[in-house]
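Here is a short tour of a helical arrangement, written for someone who likes to keep a model open while reading. Please have the viewer ready and follow along.

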Amino acid sequence: TGGIKVAFGGVDYSIDTSRDGRNIFMQAAQLGANTTWKFSEGWVALTVADLQTIVQAVFTHVQQCFAEEAALVVQIEAATSIGQLATIHQTLTSKE
């Protein structure tokens, strides 16, 4: 995915939702210590609760993406014509 934004102190920070990005936040949260983190928007002091908020937001986002993908696979597999596949494609490209 393209990532998400999570707000801390009134600033929306860009959060990497790639597999590597997810893992680094999980590891930091599991350590249970406050930390200073560098985001593209700048440095921010994060508490353990902040890290847990990021992990939860990323988890929710990724699960929503998986649910959408699973639903799409069902639609594609159920399609019986090129026209139905074209409609699915149009629906996808209109979301971008």
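The report below starts with some ground rules and then moves through the helices and their contacts.

## Ground rules

This is a predicted model, in which local features need pLDDT of at least 70 and side-chain atom pairs count only at pLDDT 80 or more, while totals for chains, interfaces and linings use all residues. Residues are numbered from 1 along each chain as its sequence is written, and side-chain values use heavy atoms, with hydrogens and water left out.

## Helix H2

Let's begin with H2, which covers residues 48–78. Helices here are DSSP runs of H or I with at least four residues, strands are runs of E with at least two, and both are numbered from the N terminus. H2 has 31 residues and reaches 45 Å from its first C-alpha to its last, close to the 45 Å expected at 1.5 Å a residue; the expected span is 1.5 Å times one less than the number of residues.

Which residues of H2 are buried? They are Asp 50, Leu 51, Ile 54, Val 55, Val 58, His 61, Val 62 and Leu 72. Buried means under 20% relative accessible area, exposed over 50%, and partly exposed in between, with a 1.4 Å probe and protein chains only. The cover over these buried residues includes strands S1 (4–8), S2 (11–15), S3 (35–39) and S4 (42–46), together with H1 and H3.

## A closer look at Asp 50

Why does Asp 50 count as buried? Because its relative accessibility is 18%. Leaving aside residues up to four places away in sequence, Asp 50 touches Phe 8 and Ala 45, where contact means heavy atoms within 4.5 Å. Asp 50 and Glu 69 are 19 residues apart in sequence, and their C-alpha atoms are 29 Å apart in space.

## Where H1 meets H2

The axes of H1 and H2 come within 9 Å and cross at roughly 145°. Axes are lines fitted to C-alpha atoms, for helices over the stretch in contact, and angles run from 0 to 180 degrees between N-to-C directions. H1 passes H2 in a left-handed crossing, meaning that the near helix is turned anticlockwise from the far one by less than a right angle (clockwise would be right-handed).

On the H1 side, Arg 22, Phe 25, Met 26, Ala 28 and Ala 29 meet Leu 51, Ile 54, Val 55, Val 58 and Val 62 of H2. By class, this contact has nine nonpolar, no polar and one charged residues. Here Ala, Val, Leu, Ile, Met, Phe, Trp, Tyr, Cys and Pro count as nonpolar, Asp, Glu, Lys and Arg as charged, and the others, Gly among them, as polar.

Gln 27 is also in H1 (residues 19–31), and counts as partly exposed because its relative accessibility is 46%. Gln 27 and Leu 51 are 24 residues apart in sequence and 9.7 Å apart in space, C-alpha to C-alpha.

## Where H2 meets H3

The axes of H2 and H3 (residues 82–95) come within 9 Å and cross at roughly 155°, so the two helices are roughly antiparallel. Angles over 145 degrees count as roughly antiparallel. H2 passes H3 in a left-handed crossing. Leu 72, Gln 75, Ile 76 and Ala 78 in H2 meet Gln 84, Leu 85, Ile 88 and Leu 92 in H3, and by class this contact has six nonpolar, two polar and no charged residues.

Ala 86 lies in H3 and, at 37% relative accessibility, counts as partly exposed.

Note on methods:
Parallel < 35°, antiparallel > 145°, perpendicular 65-115°, else oblique.
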